[in-house]
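Please keep both in view while reading.

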Amino acid sequence: MWLIDTQCKDIRLVQITAPEEYSYAILSHTWEDEEVSFQDFHDLDRRVEMKGFNKIAWTCRLASERGLRYAWVDTCCIDKTSSAELSEAINSMFMWYMTSAVCFVYLSDHPPQLSFEDHFRRCRWLTRGWTLQELIAPRAAEFYDAAWNFRGRKPELNSFLAHVTNIDEAVLKDSQVLFEVPVGRRMSWAARRQTTRIEDLAYCLLGIFGVNMPMIYGEGAKAFMRLQEEIVKETNDLSLFAWSDIPPSLSGTESWMQQHYRGIFARSPREFANCHHLRPRIKDAFLTKEFTVTNKGLRIETALVSVPGVTEDFVWNLGVSERDDWPKDSVEGWVGVYLAKTANGYVRSKPYSLFRAEPQMRRYRCDSAPIHIRKDLRALESEPIENRFRNAICVKLDRAPSRIAAVAPPQLWDQNRMLFLNQGQGINAYILLRFNLVEDSNSAFRLLVACSTMINPPVCRIWAENHPLWDSVLEFVNTAKEVSDYVAADYLRMQFLPLVTELSSVAACSIKHPHSNAMINLQAILQPYSFQGQDCFALELVLGQLLTGSTTSARGISEMNLY
């Protein structure tokens, strides 16, 4: 660490490997014209002629008055021609500010004649990315106007600073409290701050989240994506995903450029602007979910929520709210994000808004299962998702009440919309159905319905439990776990229908009624269909009339206890 020796007559730089805590002063400011670089500082004649040297001289003077031998100024104490030194400095900067004896905050655009309380909130210092950690990290900070007049001191100004910046007063008092604040709320503090280089929007936040990462100038917006991946490694706080995209009307984006689907990661701190009230829904309680980033996106085992009448997509409960005083007999108030299922995992839908659980809103918790959510989604990738129902298989059970016991492939099954998503040139799909025609649950029977859209015309087939192929088909469904087992080749036709010469889009199966000799006819019809304006297929199951003279009507069957 390079430090300025304030006791040296011509204030020279010295390199100290591990300076004692609270043994040096540090400067916080906004960069302007003619700043003194590391190289400039060694040219004694040149540096004094540069405008930026005045800040350095004042910093040294104030440090010396407080009995501090050393001072640190970012303009001249980092050799920015060395990528290794620059990376070390950026990764260490939060700690350097935290262990300083005092931080001098120089507000170059604060006129000396104006009130600090009135003008401070308009200072450029509050809009810069790097100065966020420079406000939070130091235990003591002194504020000076453009003429170096003293204007106030942290911690005495903490209440005022908290009001202006929305940063928790407890954090301003002790920076270690920082890590008790939800990630989303910490991100909101940087939402309206800017940096000269886009990568620095991520690099300036390393200390705020207690992470480290290498500097790769030139990577652009990928830096912020990498930052979020590093945060995921250090916390299980789901508020990281509580961002909202900026509506085109506010961002200046044309309406036709709206991206209706996104990945789970934000693209900028700006998207956390509305997270400044986020807190655990139950005070001091966090959802401790294990999740990780893989090459398929964010992987987490969780129970999604279905909200009929509000959205056909799923909702992911993030365990946070905008207040933490909910009564114990209430399950309202939590905040979540909308997730749409695609053939390649989940993506965020309605990225411009968050879901808020309100009273009288019907919600159903799905079974817990591992899911993958895409990290990011390019604009060109969003369009195919909007057309994801093309060639899907919509399952209709209205005329054959039953319970779906299992589906394959589950990766392509959208439970809310009751359909299989298409992938590639068509799919094989299987549904295991459970019927129960009487009150006695022991009388239940199962049927396997399979269909293929890989050939034209598409085909479907029904098997009862007494069919010779039942065990073989069920074994295939239970062991074929990869999506490729259902989309790479027409295994349904090759393995289970090789000798069938007349393949049809209509299939039928007859089952003996459990309490009579009557036969029940079940028919499956796979036919063209339109879902949300997109051409697809409908697989409709129809429970037919009882045969052989039974007095029970088809209507009577549909009204029995079927589950």
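This is a predicted model: local features need pLDDT of at least 70, side-chain atom pairs count only at pLDDT 80 or more; totals for chains, interfaces and linings use all residues.

Thr 59 belongs to helix H3, which covers residues 53–65. Apart from neighbours within four places in sequence, the contacts of Thr 59 are Leu 27, Ala 71, Val 73, Phe 104 and Trp 148. One of these, Trp 148, is 89 residues away from Thr 59 along the chain, while the two C-alpha atoms are separated by 10.0 Å.

## Aromatic pairs

A pair of aromatic rings is described by the distance of the centres and the angle of the planes. The count for this model comes to 31 aromatic pairs. Among them is the pair of Trp 72 and Tyr 97, which is edge-to-face, with 6.0 Å from centre to centre and 80° between the planes. This pair links distant parts of the chain: Trp 72 is in strand S4 (residues 70–72) and Tyr 97 is in helix H4, 25 residues apart. Trp 72 and Tyr 97 are both buried.

Tyr 106 and Trp 148 form a stacked pair, with 4.4 Å between the centres and 5° between the planes. Tyr 106 lies in strand S5 (residues 102–106) and Trp 148 in the loop between strand S6 (141–144) and strand S7 (150–154), so the pair ties together parts that are 42 residues apart in sequence. Both of these residues, Tyr 106 and Trp 148, are buried. They also belong to one aromatic cluster, formed by Trp 58, Phe 104, Tyr 106, Tyr 144, Trp 148 and Phe 150.

The largest pocket holds about 1300 Å³ of space. Its lining consists of 45 residues, and those nearest the centre are Lys 341, Tyr 346, Pro 370, Ile 371 and His 372. Elements that give two or more residues to this lining include helix H12 (222–234), strand S14 (335–342) and strand S18 (369–373). The largest share, four residues, comes from S18. By type, the lining of the largest pocket has 18 nonpolar, twelve polar and 15 charged residues.

The second largest pocket holds about 520 Å³ of space. Of its 20 lining residues, Trp 31, Asp 74, Lys 80, Trp 130 and Asp 200 lie nearest the centre. Two or more lining residues come from each of helix H4 (83–98) and helix H6 (130–136). This lining divides into seven nonpolar, six polar and seven charged residues.

In helix H7 (residues 158–165), the buried residues are Asn 158, Phe 160, Leu 161, Ala 162 and Thr 165. Their cover includes helix H5 (116–119), H6, S6, S7 and helix H8 (169–173). Asn 166 lies in the loop between H7 and H8 and, at 44% relative accessibility, counts as partly exposed.

## Further backbone features

Gln 532 is another residue other than glycine with a positive phi, here near 50°. Gln 532 is found in the loop between strand S27 (519–531) and strand S28 (534–546), and its 48% relative accessibility makes it partly exposed.

The peptide bond from Ala 408 to Pro 409 is cis, with omega near 0°. Pro 409 is placed in the loop between S20 and strand S21 (413–414). The bond from Asn 456 to Pro 457 is also cis, with omega near 5°, and Pro 457 occupies the loop between strand S24 (445–452) and strand S25 (459–464).

Definitions and conventions: Residues are numbered from 1 along each chain as its sequence is written. Side-chain values use heavy atoms; hydrogens and water are left out. On a 1 Å grid over the protein atoms alone, a cavity is a set of points where a 1.4 Å probe fits but cannot get out, and a pocket is an open set with protein on both sides within 12 Å along at least five of seven lines; lining residues have an atom within 4 Å of a point. Grid points are joined across faces, edges and corners, and a volume is the space filled by probe spheres set on the points. Ala, Val, Leu, Ile, Met, Phe, Trp, Tyr, Cys and Pro count as nonpolar, Asp, Glu, Lys and Arg as charged, and the others, Gly among them, as polar. Rings of Phe, Tyr and Trp (its six-membered ring) pair if their centres lie within 6.5 Å; planes under 30 degrees apart count as stacked, over 60 as edge-to-face and the rest as tilted. Buried means under 20% relative accessible area, exposed over 50%, partly exposed in between (1.4 Å probe, protein chains only). Contact means heavy atoms within 4.5 Å.
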